[in-house]
Amino acid sequence: MTSDTAKNNMPCELVTWDQVNSFARRLAKQVRAAGIEIDMIVAIGRGGYMPARLLSDLLGIMNLASFKIEHYRGSHKSAEAVIKYPLVAEVNQQNILLVDDVSDSGDTFTVAIDHIRSKGTPQNIHTAVLHHKSVSRYEPDYFAQEVKQWRWIIYPWAVTEDLSVLIGAMGPEPVDVTLIQKKLFEKHGIEPSLQQIQVALTLITEQQLSE
């Protein structure tokens with residue numbers, strides 16, 4: 001999420017850990033029902049780290065690898081996805097389950113699949129996400145929930161980062177956490193806890209001091 005997008009009354013959804021666990025179990029059930037062979041789970045970082053780890057546990061697949069994709073053009077975030085930390089695992093003849101948290105534009109999966117194939121010749125690459133947005137140009141093989149009405153998905157592992165962007169875009173951001181909570185509901189339709197907001201304010205302060 002960028003500060004520019006957060007300035008609009010962008011609809012958001014705050015996902016809980018219980019929901020994440022439920023989505024992961026749903027994905028694992030789909031993969032089992034498909035009867036596909038999986039030798040390795042590969043996480044797309046950062047969003048795919050936690051879903052991939054949960055699927056590793058639920059499917060009993062200990063062979064877990066990852067690489068990181070970032071969306072940068074110069075110093076500004078953009079829709080252009082680039083490899084930050086490449087995959088180092090052996091992929092030749094491997095049946096791979098490639099995992100991310102959400103399929104939004106589809107660009108990340110396009111870049112990710114190309115990157116894996118640049119490292120060798122996998123037997124198969126299957127893809128899975130917690131949320132698949134219907135506007136995405138890429139449809140994963142497995143997804144726990146389809147998002148037909150677009151909204152920004154805020155996962156538990158990104159709540160501090162995303163809230164700091166949303167609060168920063170109010171700006172100058174109010175210091176009263178109750179008022180911030182009210183504004184987040186009015187502008188974005190979410191109700192984070194006062195503690196979550198306070199942690200995000202701490203991050204904002206730390207970032208300002210480091211500038």
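The model is a predicted one.

**Backbone geometry**

- Gln93 has a phi near 60 degrees, which is a positive value in a residue other than glycine.
- Most residues other than glycine have a negative phi, and most peptide bonds are trans.
- The peptide bond that joins Gly45 and Arg46 is cis, with omega at about 10 degrees.

**Helix 3 and the residue after it**

- Helix 3 covers residues 49–59, and its buried residues are Pro51, Ala52, Leu54, Leu55, Ser56 and Leu59.
- An α-helix has 3.6 residues a turn, so residues three or four places apart point the same way.
- Gly60 follows helix 3 and has a positive phi, near 70 degrees.

**Lys133, a buried lysine**

- Lys133 is found in strand 6, which is made up of residues 124–133.
- Lys133 counts as buried because its relative accessibility is 1%, and buried means under 20%.
- When neighbours within four places in sequence are left aside, the contacts of Lys133 are Val102, Ser103, Asp104, Val147, Trp150, Arg151, Trp152 and Ile153.

**Helix 6 against helix 7**

- The axes of helix 6 (residues 177–188) and helix 7 (residues 194–210) come within 10 Å and cross at roughly 105 degrees.
- Helix 6 is therefore roughly perpendicular to helix 7, a term that applies to angles of 65 to 115 degrees.
- On the side of helix 6, the contact is made by Val177, Thr178, Ile180, Gln181 and Leu184; helix 7 contributes Leu194, Ile197, Gln198 and Leu201.
- The residues of this contact comprise 6 nonpolar, 3 polar and no charged.

**The second largest pocket**

- The second largest pocket holds about 260 Å³ of space.
- Its lining consists of 11 residues, and those nearest the centre of the pocket are Ser164, Val165, Ile204, Gln207 and Glu211.
- Helix 5 (159–168) and helix 7 are the elements that each give two or more residues to this lining.
- By type, the lining residues of the second largest pocket are 4 nonpolar, 5 polar and 2 charged.

Methods:
Residues numbered from 1 in each chain as written. Predicted model: local features only at pLDDT ≥ 70, side-chain atom pairs only at ≥ 80, totals over all residues. Heavy atoms only, no water. Buried < 20%, exposed > 50% of the residue type's maximum accessible area, 1.4 Å probe, protein only. Helix = DSSP H or I, 4+ residues; strand = E, 2+ residues; numbered from the N terminus. Axes fitted to C-alpha atoms, helices over the stretch in contact; angles between N-to-C directions. Parallel < 35°, antiparallel > 145°, perpendicular 65-115°, else oblique. Contact = heavy atoms within 4.5 Å. Nonpolar A, V, L, I, M, F, W, Y, C, P; charged D, E, K, R; others polar. 1 Å grid on protein atoms, 1.4 Å probe; cavity = no way out; pocket = protein on both sides within 12 Å on 5 of 7 lines; lining within 4 Å. Points joined across faces, edges and corners; volume = space filled by probe spheres on them.
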